[in-house]
Amino acid sequence: MAIQFDPNVVCSCGKVHKTMVEHRLVKNGAINEIPEYVKMYGAKKAFIVADMNTYPIAGEKVKNALEAAGIACVTYIFPDKRVIPNEKTVGGAVMAYNKSCDIVIGVGSGVINDACKILANVAGVPYFIVATAAYMDGYASGSSSMEVNGVKVTIPAKSPEVIVGDIDVLNGAPTFMAKAGLGDMLAKYVSICEWRLSNLINGEYYCEDVAQFTRDTLKNCVDNAAGLLKRDDVAMEALFNALIDCGAAMDYAGCSRPGGGLEHYFCFVLDMRGLEFGTPTSSHGMQVLLGTLYAVKAFNEVKNIAPNREKALEFVKNFDFEEWSRQLREFIGQSAEPMIKLEAKEKKYDPEKHAKRLEVILEKWDDILRIIDEEIPSVEEFEAILDAIEAPKSIEAIGVEPELVPMIFKCTKDFRDKYVLPRLLWDLGVLDEVCEKVF
Ligand SMILES: [Zn+2]
Ligand SMILES: [Zn+2]
């Protein structure tokens, strides 16, 4: 039985677990039920936002359903062939927004949702998202991933009150999108494992109920994964619900720990390089899927490590932060600056702090191995899931040279103030050798 969170009860972890998403409509023909929900929110005039692809697929159906129910609509369709999450896109939607509208309905996926969350937040009206593909877990999140002045940032916005996943629409999307969606889900093997490890090593907040909720939803979607290629309705429903659940899990926990770890940073490093140098990128979920594959490989190597205090201390003594900063700048360009600045605040490379962490790691080594064993599938098990959906097993498939994997993997430890596997390997003084051996 799936865990249910009561927003009026304090969990044993000390937090009250709640999400801002009030309703989800996940079923065949869900679009026909939208007018009922719009009326429930007291709205009389909808501002529908779509792009040239999503309008014919679903936007028009939404508009027709609303107008048939006597709800007026203003429609804005992004004029660009490829909509980019930047100032221009948000600005275009804001300038087209009609003050007499009292609800925003986004029709699309990542970028449209990100732009509409900002618009609805600024306009101060309820927000519905009508998904056109099950390809990432950001539907429920209260923030928007944007590019401002060419740099990737996260902007606080608002969560949708209602998420609509019409299975007929979702199963009409190309299967590569469902593969990407599953990729974003598979990340949860890594995220839950790293969350537990940081709880053990650093005493970071952790909630077993939220972790178990995430594991259950991941399992349900992996059990159904093979059906995605056949466009099976049950498989699509499991995937889309899982993606909403995992967005909600981050709300429950009040942090991104349940949703992502190093594999998401792996994806962001590829995005940053793409922005800076025009190198190849792929969808969020596909990059996360590949990042998860490399993370699973590295995690499976941990059991072959014999922790050694002297070796770890010697490694840290010889670590040259200036040289590492230079490599970061060279590899990801201007996006490296906030990562380098973060160290001044965080001091993760400080020898004294390292020595303290190292003692905990050595003392709790058996627990670390047990957690990895409990959370991370074997490489064979993981690759079997990828085979079931005919997903790639090398970064080469998205046009990135496999020789870059070690450096991408190492960059992930500097991305945010989050204890991820490459940090544990650095703490043990084995980061370089594990990269060399595994990738
Ligand atoms: Zn809890
Ligand atoms: Zn994601």
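Modeller: A crossing is left-handed if the near helix is turned anticlockwise from the far one by less than a right angle, and right-handed if clockwise. We shall apply this to a predicted model.

Colleague: How is the packing of two helices described in general?

Modeller: Two packed helices are described by the angle between their axes and the distance between the axes. Here, helix 6 (residues 175-202) packs against helix 10 (residues 284-302) at an angle of about 35°, and their axes are 7 Å apart.

Colleague: Is the crossing of helix 6 and helix 10 left-handed or right-handed?

Modeller: Helix 6 and helix 10 form a left-handed crossing.

Colleague: Which residues of helix 6 and helix 10 meet?

Modeller: From helix 6 they include Leu186, Tyr189 and Val190, and from helix 10 they include Met286, Leu289 and Phe299. By class, this contact has twelve nonpolar, five polar and two charged residues.

Colleague: What is the strand order of the open sheet?

Modeller: The six strands follow the order 1-8-5-4-2-3, with parallel pairing. Strand 1 (23-27) and strand 3 (72-77) are at the edges with a single partner strand each, so one side of each lacks a neighbour in the sheet. On average, neighbouring strands are turned by 15° against each other, direction ignored.

Colleague: How many bridges join strand 5 to strand 8?

Modeller: Three bridges join strand 5 (residues 127-131) to strand 8 (residues 162-166). Within this pair, Phe128 stands opposite Val162 of strand 8.

Colleague: Which strands does helix 4 lie across, and which does helix 8 lie across?

Modeller: Helix 4 (residues 110-123) lies across strands 2, 4 and 5, at about 175° to strand 4. Helix 8 (residues 233-253) lies across strands 1 and 8, at about 165° to strand 1.

Technical notes. Residues numbered from 1 in each chain as written. Chains lettered and ligands numbered in written order. Predicted model: local features only at pLDDT ≥ 70, side-chain atom pairs only at ≥ 80, totals over all residues. Pairing = 2+ DSSP bridges. Helix = DSSP H or I, 4+ residues; strand = E, 2+ residues; numbered from the N terminus. Axes fitted to C-alpha atoms, helices over the stretch in contact; angles between N-to-C directions. Contact = placed C-beta atoms within 7 Å. Nonpolar A, V, L, I, M, F, W, Y, C, P; charged D, E, K, R; others polar.
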